[in-house]
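Q: I am new to this structure and would like to learn how to read its features one at a time. Could you take me through them?

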Amino acid sequence: MNKVKIITDSCCSLSLEKLKQFDIDFVQMSFTVNNKNFNAYEHPIKDGQKFYDELAKSKNCSTSCVNPYTFSAIFEKYVKFGYDVVYIGISSGMSATYKNAVVSAKEINTAFGRHVWVADSLSGSYGIALMLEYAVKLRNEGKTAEEIFESIDKIRMNVFAVFVPSDLIFLNRSGRINRFVASIGTLLKVTPVITANDKGELKLLAKCIGRKKAIKTIQDFILQKACLENERRIYIGHTGVKEDAERLAEFIKANTDIKDVVVDLIDYTMGCNCGPYTLAVFGKLKVER
């Protein structure tokens, strides 16, 4: 049985140190702010709060998907080293990156035999991270690449991501919502609560008047929909609203059995999509019986 290499992309929001700890390799997405291009892990501003404060003042920003050539290079490298590869990255509903990974995997598998599996997370940021942690567990238990892929394919529908952006402008810039919806939402001071559908595309969960009501909607979602077994982990990601994130963590710990609540910054690429001052929560959905 071949060794297994797990690969992700920089939209998983995990730090370079955490990826190294998990023995996960990665491909980098890039983003442009004020007409300057950066790779995801190589922006000169390392202080996340400062980065998002600067992003809030930016005149333009955009993100770029990972191209097929980059995928082909990393897939082929590990296959030649005797690995089977499982790639788990950003949702097919949010980026062409998944499609490019599939194209490259098909080429590598045609040339070398079936050694690369590409999983569609249907998620982003720490939603991907939760799946990566599970994949690492399976790899360490000796599961094959195909078994890991099949397991991720099953659990991905049970991973949720719910977030509150500060406004809809950045989602409009990145093409995630249309301009009319963005302008109406901003004009009316509506604070949206957003999640993903079963295709990994963003959808509106609720429209709230004010951020406090939006965060209350997230709290209610967690209590009603999240799997609250005490061994579970919930991630709270943010783009420069640490105090909001920490208050949400305190709420979860006080009102559920979950004590493993991780609060951290959302990666810069995903942050350019959802915008500064976004609050997000990621976890596992309750299984209805």
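A: Helices (H or I, at least four residues) and strands (E, at least two) are DSSP runs, numbered from the N terminus. This is a predicted model, in which local features need pLDDT of at least 70, side-chain atom pairs count only at pLDDT 80 or more, and totals for chains, interfaces and linings use all residues. Residues are numbered from 1 along each chain as its sequence is written, and side-chain values use heavy atoms, with hydrogens and water left out.

Q: Which residues of helix 4 are buried?

A: Buried means under 20% relative accessible area, exposed over 50%, and partly exposed in between (1.4 Å probe, protein chains only). In helix 4 the buried residues are T97, N100, A101, S104, A105, I108 and N109. Seen down the axis of helix 4, these residues fall within an arc of 165 degrees (taken from the directions from the helix axis to the C-beta atoms), so they line one face of the helix. The face turned away from that buried side carries the exposed residues K99, K106 and T110.

Q: Where is D23, and what is its phi?

A: D23 lies in the loop between helix 1 (16–22) and strand 2 (24–27), and has a positive phi of about 60 degrees although it is not a glycine. At 42% relative accessibility, D23 counts as partly exposed.
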